[in-house]
Amino acid sequence: VALDKKFENPYVFKASEGKATIQNLFIGKTHYYRIKAVKGEEVEYSKAYTLETEGMFPRLINIDGMTNCRDIGGKVTESGAYIKQGMVYRTAALDDDISGSIITNEGRETMLKQLGVKTEIELRGGPKGEGGEQNAKERPSLLNDESVTCHFNPMGYQGGKSPLFRNIVPVRTFFEHFAEEDFYPAFFHCRIGTDRTGLCATL
């Protein structure tokens, strides 16, 4: 499945018993698809077909083992501009056994090969009320791939102030990453992908 007739950057879905689950397609787009048949060393392709996806925001992303995964793109703004899809994703953490979000090898393959992510932004590690959050420190990307850069951008949560005013400096730093040349595609997350992640997604 691809967005172009030449199938230069296709999404590959494996069929079993004549059926394949197709997911993570772009919303409101024309996609091209063809069937690849393999028998021994023989490979044949069907002709190309098209399918149209509806333009319903948000674009939900299925990543095996993970929760709360969505594309920031796909929304039409008040001025009529269109936020590009496939550039920035919001997710839960990749390694949080309490929330049940633990990425699998299949999930890693989806993020690396299908979504092609190059950057991870870690929002955990900021102050938690009177104490602190200890489950995230500066580190390589949890995708365990040298092609992915991780930025440690800890944000605080809970306490008396609003999430934004509690995190003025971290929010500024968060958006500075978006100006980096090789940043995209990227994903960002806190623990369960709601408060800190939701704040950044909204902004």
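Me: I'd like to start with a hairpin. Which two strands form one, and what is the phi of glycine 40 in the turn?
Reply: S2 and S3 make the hairpin, with two residues between them. Glycine 40 sits in that turn and has a positive phi of about 65°. Keep in mind as we go that this is a predicted model.

Me: How many bridges join S2 to S3, and in which sense do the strands run?
Reply: There are four bridges between strand S2 (residues 36-39) and strand S3 (residues 42-45), and the two strands run antiparallel. To find your place on screen, look for lysine 36, which stands opposite tyrosine 45 in S3.

Me: Now the sheet. In what order do its six strands come?
Reply: Read across the open sheet, the order is S5-S6-S7-S12-S10-S11, with mixed pairing. S5 and strand S11 (149-152) are the edge strands: each has a single partner, so one side of each has no neighbour in the sheet.

Me: What should I know about the side chains along a strand?
Reply: The general idea is that in a regular strand they alternate between the two faces of the sheet.

Me: And in which sense do S10 and S12 pair?
Reply: Strand S10 (residues 119-122) and strand S12 (residues 186-189) pair in the parallel sense, over four bridges. Across that pairing, isoleucine 121 stands opposite phenylalanine 188 in S12.

Me: Let's do the helix. Which residues of H1 are buried, and what do they pack against?
Reply: In helix H1 (residues 105-114), the buried ones are Gly107, Arg108, Thr110, Met111 and Gln114. The buried residues of H1 pack against S12. Just past the end of H1 comes glycine 116, with a positive phi of about 65°.

Me: Where is leucine 115, and is it buried or exposed?
Reply: Leucine 115 is in the loop between H1 and S10. Relative accessibility is the number to read here: under 20% counts as buried, and leucine 115 has 5%, so it is buried. Setting aside residues up to four places away in sequence, leucine 115 touches Arg59, Ile61, Ile63, Tyr89, Thr110 and Pro185.

Me: Which residue does the side chain of asparagine 24 make a polar contact with?
Reply: That would be glutamine 114, side chain to side chain, at 3.4 Å. Asparagine 24 lies in the segment before strand S1 (30-33). With 5% relative accessibility, asparagine 24 counts as buried. Beyond its neighbours within four places in sequence, asparagine 24 contacts Tyr11, Arg59, Leu60, Ile61, Asn62, Thr110 and Gln114.

Me: Where is serine 101, and what is its relative accessible area?
Reply: Serine 101 is in strand S9 (residues 101-102). Its relative accessible area is 0%, so serine 101 is buried. Among the residues serine 101 touches, not counting those up to four places away in sequence, are Gly65, Met66, Ala92 and Asp96.

Me: What about phenylalanine 57? Where does it lie?
Reply: Look in the loop between strand S4 (49-52) and strand S5 (59-60). At 39% relative accessibility, phenylalanine 57 counts as partly exposed. Phenylalanine 57 and glycine 74 are 17 residues apart in sequence, and their C-alpha atoms are 6.0 Å apart. Not counting residues up to four places away in sequence, the contacts of phenylalanine 57 are Ile27, Asp71, Ile72, Gly73, Gly74 and Lys75.

Me: On to rings. How many aromatic pairs are there, and which residues form a cluster?
Reply: The count is nine aromatic pairs. One cluster is made of Phe174, Phe175, Phe178, Phe183, Tyr184 and Phe188.

Me: Which arginines lie over the rings of phenylalanine 7 and phenylalanine 26?
Reply: Arginine 34 lies over the face of phenylalanine 7, 4.3 Å from the ring centre. The charged end of arginine 59 sits over the ring of phenylalanine 26, 4.1 Å from its centre.

Technical notes. Residues are numbered from 1 along each chain as its sequence is written. This is a predicted model: local features need pLDDT of at least 70, side-chain atom pairs count only at pLDDT 80 or more; totals for chains, interfaces and linings use all residues. Side-chain values use heavy atoms; hydrogens and water are left out. Rings of Phe, Tyr and Trp (its six-membered ring) pair if their centres lie within 6.5 Å; planes under 30 degrees apart count as stacked, over 60 as edge-to-face and the rest as tilted. A charge sits over a ring if NZ of Lys or CZ of Arg is within 6 Å of the ring centre and within 35 degrees of the ring normal. Buried means under 20% relative accessible area, exposed over 50%, partly exposed in between (1.4 Å probe, protein chains only). Contact means heavy atoms within 4.5 Å. Two strands pair if DSSP finds at least two bridges between them. A polar contact is a pair of N or O atoms within 3.5 Å; within protein, one must be able to donate a hydrogen and the other to accept it, and residues adjacent in sequence count only if both atoms are side-chain atoms.
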